[in-house]
Amino acid sequence: MAPPKASPARPPSARDAAVTDLRPRDAEGALHTFVAVSLTAAGIALSSRASWAAWFVGQIVFAVSFVKWFSLLHEAGHHTLFATRGLNTLAGHLASVISVLPYASWKAIHRMHHKWTGFQDKDPTTSSLVPRPLGTFERAAINIAWRAWLPLFSFLYRAQSFWHLPRLFRLFPEARARRAFVVNALALLAIYAAAFVFVGPAALLRLFGLGLFLGFAWMDVIMLSQHTHIPLELSHGADVTPIPAPEQAPYTRSLRFSGFLSTFVLTGFDAHELHHVFPFVPGPRLREIPWTPPNEAPAWAWIRAAKAVPAEVFLFKNRSTSGLSI
């Protein structure tokens, strides 16, 4: 048997046929949306049963669907879930309801994230982790939450980046963008309020409470794996040039899960280095690109190693300053 070919040191060009052929397809987008809808329906159906065992399984299934919907929100925001633009918009707004993330602010912030990846203080999703002195309470809170799998970071990620209207207005002063943020946030709040009134708080807690908690806790790990504890540049307020997408791989990290989890639950969201270099390629097809990125790590081994590190070190230091290889 011939030995496998070694991965090239550099990613292929975006004009390479191995990349240009990897385009969104409506049928593939429909399949992944169907998976998300089916998981959600199964989770709700099981959670509605009188059996506590069925309820618990239902909450696990709903947690998986939560992660799936988030990955679809990400794909739709890049217009890589469907080939048809309108279908991406429709799926993005649907996914935003489960993900507890306004689609309008998600798209705006995520565009800025891709523009400024590599500059920790310019990227609105990483600027809060610029190294700084921590108070006693803050240090204790983040260390306990990280070690105990309490989803503090997923909550703060949403609150600070996507629901914080004054910050959004500062970052995006255009009147049209501001209107979109307000309308989208109010629409989501109206949906949640209607569910609270017509379904009831006790029923909502039974149907979604534990599942949302588990989904948020899992997304803590996924989101923080992608750019945390990696040496990033600091602009220090200077007028700097964004790092081009083909050169962003050193500033992000990928986790390698099984092919099934990667494709049908995470929708390729774990292949994060490939995503940053080729943001126009659908997530489920990223690993078809003939290149193994430099920061890819076995998922479960990396998660165990990262969870063993205090959050104050993991979040506010990097491999160069901590001496840790995670």
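Trainee: Where does Leu286 lie?
Mentor: Leu286 sits in the loop between helix H12 (272–277) and strand E2 (296–298), where helices (H or I, at least four residues) and strands (E, at least two) are DSSP runs numbered from the N terminus. This is a predicted model, in which local features need pLDDT of at least 70 and side-chain atom pairs count only at pLDDT 80 or more, while totals for chains, interfaces and linings use all residues. Residues are numbered from 1 along each chain as its sequence is written, and side-chain values use heavy atoms, with hydrogens and water left out.

Trainee: What makes Leu286 count as buried?
Mentor: Buried means under 20% relative accessible area, exposed over 50% and partly exposed in between, with a 1.4 Å probe and protein chains only; Leu286 has 1% relative accessibility and therefore counts as buried.

Trainee: Which residues does Leu286 touch?
Mentor: Leaving aside residues up to four places away in sequence, Leu286 touches Gly268, Ala271, Leu274, His275, Phe278 and Val281, contact meaning heavy atoms within 4.5 Å.

Trainee: Why is H7 called roughly perpendicular to H10?
Mentor: The axes of H7 (residues 152–161) and H10 (residues 201–225), which come within 7 Å, cross at roughly 75°. Angles of 65 to 115 degrees count as roughly perpendicular, under 35 as roughly parallel, over 145 as roughly antiparallel and the rest as oblique, so H7 is roughly perpendicular to H10.

Methods:
Axes are lines fitted to C-alpha atoms, for helices over the stretch in contact, and angles run from 0 to 180 degrees between N-to-C directions.
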